[in-house]
Amino acid sequence: MTDVVATNETILVVGGGISGMTAALEAAETGKQVVLLEKNPALGGRTSQLYRYFPKMCHPTCGLEINLRRLKANPRVRVLTQAEVTGITGSAGDYTATVKLAPRYVNENCTACGACADAVKTEVDNPFNYNLGKMKAAYIPSAMAYPQRYVLHPSIIGTADAEAAKAACKYGAIDLDQKEETIEIKAGAVVWATGWQPYDAAKIQPYGYGRYKNVITSVEFERLADPHGPTGGRILRPSDGKEAKNIAFIQCAGSRDENHLRHCSRICCMASLKQTHYVREQHPEDGKSTIYYIDIRAIDRFEDFYQKVQADPSVTFVKSKVARISEDENGNPVCWGVNTEGYKRYSNPHDLVVLAVGMEPSVKGVAIPANVVFDSSGFIEADPANGGVFGAGCASNALDVNRAVQSATAAALRAIQVVNKVARAEV
Amino acid sequence: MSANQEMAAKYKNSFLKEVEDQVEMGEWVKMCMQCGVCSGSCPTNFHPGWEHPPQEIFMMIRAGKREEVLTSPSMWMCTSCYNCIVRCPRKLPITHIMHGLANYAHRLGVAPKNQPTRAFSTLFWSNAIATGRVNELKLSMGLYFKDAEGKINIGEGIKKGLAMKDVALGLLKARRLNPFEIFGGHKCKDQKGIAAMLKKARELEDKRKALPQSGASR
């Protein structure tokens with residue numbers, strides 16, 4: 001595990017989502033040595049948790065699949081999972097990163113047969129499904145996980161369950177003696193691609209997320225629509241498991257708000273427009289989507305996608321930011337507000353409310369172990385003071401997958417220039 | 001020329017600029033993005049109260065609807081609960097703007113005549129500045145002996161007084177109500193000082209409002 005060969009001509013990429021994978025691959029395919037670190041047991045990040053992408057409505061298995069193939073074919077990228085950077089010292093062209101590696105308790109012999117999961121009884125929250133369901137404590141993170149290897153949840157180590165998993169494994173893949181390790185990695189440049197997290201919807205107090213079961217977030221809705229998700233792809237409301245047919249989407253839930261996130265998260269409008277497709281797909285006859293919005297920001301070439309949704313009779317647009325949500329006696333969430341078009345008061349009951357939550361940079365308030373400049377929202381600024389550390393993807397701005405990939409390629413190019421200088425290939 | 005005509009002439013076509021210059025916190029009006037959270041959060045709004053919710057008032061100001069805004073009873077309905085200020089995504093001081101608009105309309109003499117909040121505020125203010133202390137007996141009497149149109153009505157006053165008789169007796173017993181307050185009542189020591197202070201405050205305010213506020217960076 002620790003045999004990582006890295007020099008000051010190596011590029012260190014932190015974060016193994018779509019941005020990190022892209023940056024690592026772009027750099028490696030130009031001939032650079034790359035170490036790619038991922039905190040979770042599998043690559044793919046939040047992209048792998050989506051049901052479909054906009055605007056083409058294709059599945060993320062497709063886009064990620066291509067990157068995984070490139071990765072498997074490239075000997076210059078070293079992937080370390082369950083790895084977290086705890087410190088970075090040095091300057092551009094000569095960094096040393098301290099990396100903490102958490103134990104997986106499963107070695108390379110694993111064939112992903114699943115015998116250990118059958119043997120283990122303990123169940124834990126499933127973070128891949130945003131904790132909407134449970135999973136066995138011996139698990140494979142997702143259907144398309146890379147590396148395709150099981151993981152033992154640390155909570156069962158030292159219990160009979162761990163021994164049961166070990167006994168069930170025919171390949172000697174379970175190693176309960178693995179310990180946490182700390183290693184040092186040399187690097188000439190660092191690409192910081194740690195992505196984003198959904199804004200904590202419970203902080204938007206009048207919306208009742210956490211108090212009302214049928215108020216969920218847009219990322220949770222993705223998991224409900226996904227056949228690999230907790231409901232097998234059926235949009236069922238959490239309170240009573242009934243099919244949700246009349247669904248409200250609330251835009252700017254946390255974004256463009258001085259009390260929450262001051263920036264526009266850029267993807268949420270498109271995500272909700274996309275999610276109205278899921279509703280119509282499941283209930284072509286009587287599915288109903290209502291989008292409450294301040295103004296729809298279908299950025300760039302996505303305007304035609306917006307126009308198609310506008311033409312859909314099952315979708316209603318209400319120009320108003322919902323002020324408050326209550327719950328009626330049937331457990332239906334009720335949206336209250338005033339429609340800006342005509343200034344009419346409304347209080348509309350729905351089966352389910354989906355909050356299009358904003359993108360909070362994962363680096364916000366986290367001490368990145370390097371000197372990095374942040375903007376007023378907590379994203380990494382492209383600033384010369386950062387030296388050889390470059391933000392990529394959603395660590396640097398609120399971006400969709402397409403733009404995150406562009407941003408990651410740009411970061412890779414900057415990192416390549418730094419290590420080229422070290423190698424005296426460029427002045 | 002009335003104060004109202006004077007201001008209307010001065011700002012001709014820009015009511016927004018007039019509000020920015022003359023209304024307390026008026027310079028914030030342009031920051032509204034019409035999301036509607038203030039209107040939806042207003043506790044009085046879902047009862048048939050406000051003719052124009054705050055968000056609509058802001059849009060009317062920008063649209064130059066001077067007459068409609070200044071004569072509207074809407075901003076007088078504000079209960080100062082501050083829900084809108086707390087929730088406004090752009091941190092507009094909405095409560096203060098509502099008070100500022102109401103005050104401005106009052107000074108120009110175009111606010112709705114018998115709007116109860118306006119009538120009470122006027123009564124309270126003149127009561128308080130007369131002696132430097134609020135004379136509660138005179139204040140409540142002033143309210144009792146008026147009808148819905150704001151005219152003095154003795155019969156109405158006696159009726160209301162009788163209805164509240166038990167409360168009044170209770171207050172008397174607890175020594176919270178002194179009937180002799182009707183003859184002048186207790187005063188603050190330095191009445192001249194209070195008057196001078198209020199005069200100075202008004203002077204400062206007028207001076208500030210004479211300076212153009214709009215365009216000032218914030």
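1. Two strands pair if DSSP finds at least two bridges between them. Helices (H or I, at least four residues) and strands (E, at least two) are DSSP runs, numbered from the N terminus. In chain A, the strands β4-β5-β10 follow one another in that order in an open sheet of 3 strands, with antiparallel pairing. β4 (83-91) and β10 (181-187) of chain A are the edges, each with a single partner strand, so one side of each has no neighbour in the sheet. Direction ignored, neighbouring strands of this sheet are turned by 20° against each other on average.

2. A word on the source: this is a predicted model, in which local features need pLDDT of at least 70, side-chain atom pairs count only at pLDDT 80 or more, and totals for chains, interfaces and linings use all residues. Residues are numbered from 1 along each chain as its sequence is written, while chains are lettered from A and ligands numbered from 1 in the order in which they are written.

3. Back to the antiparallel sheet. Strand β5 (residues 94-101) of chain A pairs with β10(A) over 7 bridges, in the antiparallel sense. Within this pair, V99(A) stands opposite I183(A) of β10(A).

4. Next, the parallel sheet. Its 5 strands form an open sheet in chain A, in the order β3-β2-β1-β11-β22. The edge strands are β3 (77-80) and β22 of chain A, and each pairs on one side only. Its neighbouring strands are turned by 20° against each other on average, direction ignored.

5. Look at β11(A) and its two partners. Strand β1 (residues 11-14) of chain A pairs with β11(A) in the parallel sense over 4 bridges. Here I11(A) has A189(A) as its bridge partner, and V13(A) has V191(A). On β22 (residues 389-391) of chain A, 3 bridges join the strand to β11(A), and the two run parallel. There V389(A) is the bridge partner of V190(A).

6. Which way do the residues of strand β11 (residues 189-192) of chain A point? A189(A) and V191(A) point one way, V190(A) and W192(A) the other way, and all are buried. The burial classes count other C-beta atoms within 10 Å of a residue's own: buried at 20 or more, exposed at 12 or fewer, partly exposed in between, with C-beta atoms placed from the backbone.

7. Now the core. A nonpolar core is a set of buried Ala, Val, Leu, Ile, Met, Phe, Trp, Tyr and Cys residues joined through C-beta atoms within 7 Å. The largest has 160 residues, and those with the most contacts inside it are V13(A), V190(A), V191(A), L355(A) and A415(A). Helix α8(A) gives the most to this core, with 10 residues. In soluble globular proteins, nonpolar side chains tend to be buried together.

8. Two residues are in contact if their C-beta atoms, placed from the backbone, lie within 7 Å. Leaving aside neighbours within four places in sequence, the contacts of V13(A) include G20(A), V34(A), L37(A) and V191(A).

9. Domains come next; their bounds come from an automatic or database domain assignment. Chain A has domain 1 (11-101 + 180-195 + 362-422), domain 2 (115-168) and domain 3 (199-359). The C-alpha centres of domain 1 and domain 3 of chain A are 31 Å apart. Between these domains, 13 residues of domain 1 of chain A are in contact with 18 residues of domain 3 of chain A. The domain 1 side divides into 8 nonpolar, 3 polar and 2 charged residues. For these classes, Ala, Val, Leu, Ile, Met, Phe, Trp, Tyr, Cys and Pro count as nonpolar, Asp, Glu, Lys and Arg as charged, and the others, Gly among them, as polar.

10. Chain B is divided into domain 1 (3-112) and domain 2 (116-200). The centres of these two domains of chain B, taken over C-alpha atoms, are separated by 30 Å.

11. How many residues of chain A are in contact with chain B? There are 17, and they are in contact with 17 residues of chain B. Strand β18 (residues 333-339) of chain A gives the most to the chain A side, with 3 residues. That side divides into 7 nonpolar, 4 polar and 6 charged residues.

12. One residue of chain B to finish. H99(B) is found in helix α7 (residues 94-108) of chain B. Is H99(B) buried or partly exposed? H99(B) is partly exposed, because 19 other C-beta atoms lie within 10 Å. Leaving aside neighbours within four places in sequence, H99(B) is in contact with E24(B) and C78(B).

Methods: Axes fitted to C-alpha atoms, helices over the stretch in contact; angles between N-to-C directions.
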